[in-house]
Amino acid sequence: MRLYHTLGIEKSLFRGNTWLGNDLDGKNNTLLHTFCCAGFCRWLQWRPMTITSPVGPGPFRAVLAAALVFLLFSCSSETLRPRVDEAYLLGTVVRITVYTDEAEALLEPVFARVADIEARMSTSERDYDRTELLDVNRAPAGTATPVSVDTFEVLKEALRYSELSDGAFEVTIWPLVRLWDIGSGHESVPSEGDIARAVSLVDYRKLSLNDDGSVTLPEEGMGVDVGAIAKGYAADEGARILREGGVKHAILDFGGNILVIGSKPDGTPWRVGVQRPDARRNEYIGIVYTSDRTVVTSGPYERFFVEDGVRYHHILDPATGYPSRNGLEQVTVVGDRSIDADALSTTGYVMGLPAGFTLIEELDGVEAVFVTEDHRVYVTSGLKGPDGRSRFELVDEEFRLMGPPEG
Ligand code: ADP
Ligand code: MG
């Protein structure tokens, strides 16, 4: 009866699953494990009585007891059931799956923390009258605006990636983001003059992050935007809270930003799907096998509009002021910190091949999968070998695995 109940819950949790990058084979394996372990646990409940009484005291009994403790322990970890909760935050569905019996107590502070990050760092004037970053962007030119430690930290990282990429990643992209307003539902292509004016206001070298924790922009109309990095920071924060609460296995899915804690409960790596670029959800071009890491994808299909048959998406090239267009369809970055992977997937997408690929190949602890519009797939060296901490497997025959990009 209890076993059936368990299976019922698991089925309902996985039904209608639309999230990118979940544990792809979790359904069948978890069901199988649950079945086997629940049966075995039940069997074990009887064994102690039948074994211990005839054996008597002594080392043999101690060994048996230790073996039983081990088996019961491994059994209980195997039978942990996934608990899923989700909320619409940071412009996406945030879905968290944890394998623990105290899910409610643990998930609430995680969602509260993500909501807090959004309320500080959003630059959406539709959603918020005020946030710390809207205060920064609206402050008179040259005045210092104090921000929280969190916001300062995210700006610092965003500025670091702006410098690292020579402005392909642009922390001061706000004038362009606001002009295009992609995702608003009433978009149109701005005039060339407006785009040129906005481009002239975008320059990370003019942003001052002051020693006292305040932020200064020197020109009227300039502004910061952390849309390309805040989800990563929020995922890291969520994972920190869950780990501190003792969670050993979890998936945090921030709409294309995936962070996995530990391995799957059965000890094997998570299988994170890399979505097909053509917006067909739940179809994967490949799988990243990994544990305790984050897998973040940037592509043009998350938010876009179509005008005169042309698709305009939300990742902008600061040099031109138009949506980035360089033959890339998407970039997936695998790393330890989601803030880095989030920043680098956007960076790689804007820099394109081969520059973005080379940058990520040169950085320690991050790997990437670049997918072009003509279905070529470039994978950095750390994702290729079976010995690496993460491995990418191409599963879609319409895509072709390539050697290092030329150029
Ligand atoms: P998503 O938000 O879909 O995960 P990204 O992480 O690539 O995608 O972030 C895109 C967001 O980042 C845009 O909505 C915008 O707020 C901001 N952005 C757009 N272009 C750039 C850029 N060149 N550098 C930094 N941020 C950008
Ligand atoms: Mg990003």
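1. Let's start with a contact: a nitrogen atom of ligand 1 sits 3.0 Å from a backbone N or O atom of Ala168. Keep in mind as you read on that this is a predicted model.

2. Taken on its own, ligand 1 has 570 Å² of accessible area, and the protein covers 96% of that.

3. Now zoom out to the surroundings. Ligand 1 is found in the largest pocket, with 19 residues around it. The closest are Glu170, Asp225, His314, Leu316 and Thr346. If you sort the shell by class, you get 9 nonpolar, 6 charged and 4 polar residues. Which helix gives the largest share of this shell? That's H10, spanning residues 338–351, which supplies 3 residues.

4. Next, have a look at ligand 2, a magnesium ion. Its coordinating atoms are the O of Ala228, both an O and an OD of Asp342, and the OG1 of Thr346, at 2.1 to 2.5 Å.

5. Ala228 and Thr346 are 118 residues apart, so to speak two distant parts of the chain linked as a pair. Ala228 belongs to the loop between strand S5 (214–216) and helix H9 (230–244), while Thr346 is in helix H10.

6. Two backbone details are worth a click. Most peptide bonds are trans, and most residues other than glycine have a negative phi. Leu353 and Pro354, however, are joined by a cis peptide bond, with omega about 0 degrees. Pro354 is in the loop between H10 and helix H11 (355–362).

7. The other one is Asp292, whose phi is positive, near 55 degrees, though the residue isn't glycine. You'll find Asp292 in the loop that runs between strand S9 (284–290) and strand S10 (294–298).

How values were computed:
Residues are numbered from 1 along each chain as its sequence is written. Chains are lettered from A and ligands numbered from 1 in the order in which they are written. This is a predicted model: local features need pLDDT of at least 70, side-chain atom pairs count only at pLDDT 80 or more; totals for chains, interfaces and linings use all residues. Side-chain values use heavy atoms; hydrogens and water are left out. A residue is near a molecule or strand if one of its heavy atoms lies within 4 Å of it. A polar contact is a pair of N or O atoms within 3.5 Å; within protein, one must be able to donate a hydrogen and the other to accept it, and residues adjacent in sequence count only if both atoms are side-chain atoms. Accessible areas come from the Shrake-Rupley method with a 1.4 Å probe; for residues, only the protein chains shown count as cover. On a 1 Å grid over the protein atoms alone, a cavity is a set of points where a 1.4 Å probe fits but cannot get out, and a pocket is an open set with protein on both sides within 12 Å along at least five of seven lines; lining residues have an atom within 4 Å of a point. A molecule sits in a cavity or pocket if more than half of its atoms lie within 2 Å of its grid points. Helices (H or I, at least four residues) and strands (E, at least two) are DSSP runs, numbered from the N terminus. Ala, Val, Leu, Ile, Met, Phe, Trp, Tyr, Cys and Pro count as nonpolar, Asp, Glu, Lys and Arg as charged, and the others, Gly among them, as polar. Donors are N, O and S atoms within 2.8 Å of the metal (3.2 Å for Na, K and Ca); water is not among the atoms, so sites may look incomplete.
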